[in-house]
Amino acid sequence: MLAGEPMRYTGLVDVLDAETLRCNVCQWRCELKPRQAGRCKVRVRDDNGLAVHNDGLISAATVGPIDEHRLWHFFPGTQVLTLGGWGYAFPEDGHRSQYGSVPLDEQHRRRLAPERAATFALERLCRGIVWGHSDPSVAHEYVFDLLRTARAASRYTALITSGFLTIEALDQIGHYLDGICLELRAFDDAAYRRLAGVEQWRGILEVAEHAFHRWHCHVEVVTRLHPGVNDAADQIHELVRWIRSALSPFTPWHVLPGDAGAAAAAAVARARRAGAEAGLFYVYGPEPGQETICPSCASVVIERSGRIARMTGVQDGRCTCCGADLHLRTSIFKRS
């Protein structure tokens, strides 16, 4: 909640009995009795409902290129304001986010009204506002206000997300959401359990598909490979097939090493070959300076150098050499 405002309560709730409420913000769907906190540690059951203790609290705020978020086909080369909050979608994964817990020290509990965020983005000539640094599924109410305010200011919007929000939560923000960078950790039960502490992970796929087809969001997928955990050939094959069939062969897939060393680099190289051979048109690795190539005529359409991306062969979303639709997102007016 913002200073001077009453405690905020989530509206995505089912009443199960006289004492128990079910939270429908993220896919844990915690069932909470009085004084119990959800797995996110930021929603707490009190006498009035499910109180949101991280509402309006900002853990980080940065200005930089959208390309730093691995959204390479989404308003390439533009500057964005990136905000993050407190709370974590996967608190039991063994690699807890540095922004997982709301700080007890009031000095570090920074607050930012959505209207001020939109004004700051305009002042700094940012084309868009992105929620990153922490997962949007645990800051849903504030993210909803932020995206709505950003769109009212004609800024584009995007989420960097694990995809662990619910369809109900997505449908609340879908009208105001332009893009998603989906951090898809694996494509296997055991691998997801090890990497994120999650038993039921396929709801993440349903959320991505719903965002793409129902809300016409631009989606890019990032996978970090850990040798011996999520790099098996059959797992990669199924992941690539899902991207191609459930989303689109034009969906960019960013394959990055999850560990240091030659084994992770080799796993990335194998996965990139598998993606290209399976028909994904845009498969990227970790190295800097990667160009985007037109799938139809192989001409360079986006150049990248350091932190800078520049569209060199694009006009109205099409290749200037052959006229092919590159399936980029360069307008806040969504595709129908």
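Predicted model: local features only at pLDDT ≥ 70, side-chain atom pairs only at ≥ 80, totals over all residues.
Local features need pLDDT of at least 70, side-chain atom pairs count only at pLDDT 80 or more, and totals for chains, interfaces and linings use all residues. Residues are numbered from 1 along each chain as its sequence is written, and side-chain values use heavy atoms, without hydrogens and water.

**Helix α1.** Helix α1 spans residues 114-123, and its buried residues are P114, A117, A118 and A121. Buried means under 20% relative accessible area with a 1.4 Å probe, protein chains only. Helices are DSSP runs of H or I, at least four residues; strands are runs of E, at least two; both are numbered from the N terminus. Seen down the α1 axis, the buried residues fall within an arc of 95 degrees, so they line one face. The arc is taken from the directions from the helix axis to the C-beta atoms.

**Cores.** A nonpolar core joins buried Ala, Val, Leu, Ile, Met, Phe, Trp, Tyr and Cys residues through side-chain atoms within 4.5 Å. The largest has 71 residues; F90, W131, L184, W242 and W253 touch the most other members. Helix α6 (residues 233-247) gives the largest share, seven residues. A second, separate core of 13 residues includes L71, F75, V80 and C181.

**N230.** This residue sits in the loop between β13 (218-225) and α6. N230 is buried, at 2% relative accessible area.

Conventions. Buried < 20%, exposed > 50% of the residue type's maximum accessible area, 1.4 Å probe, protein only.
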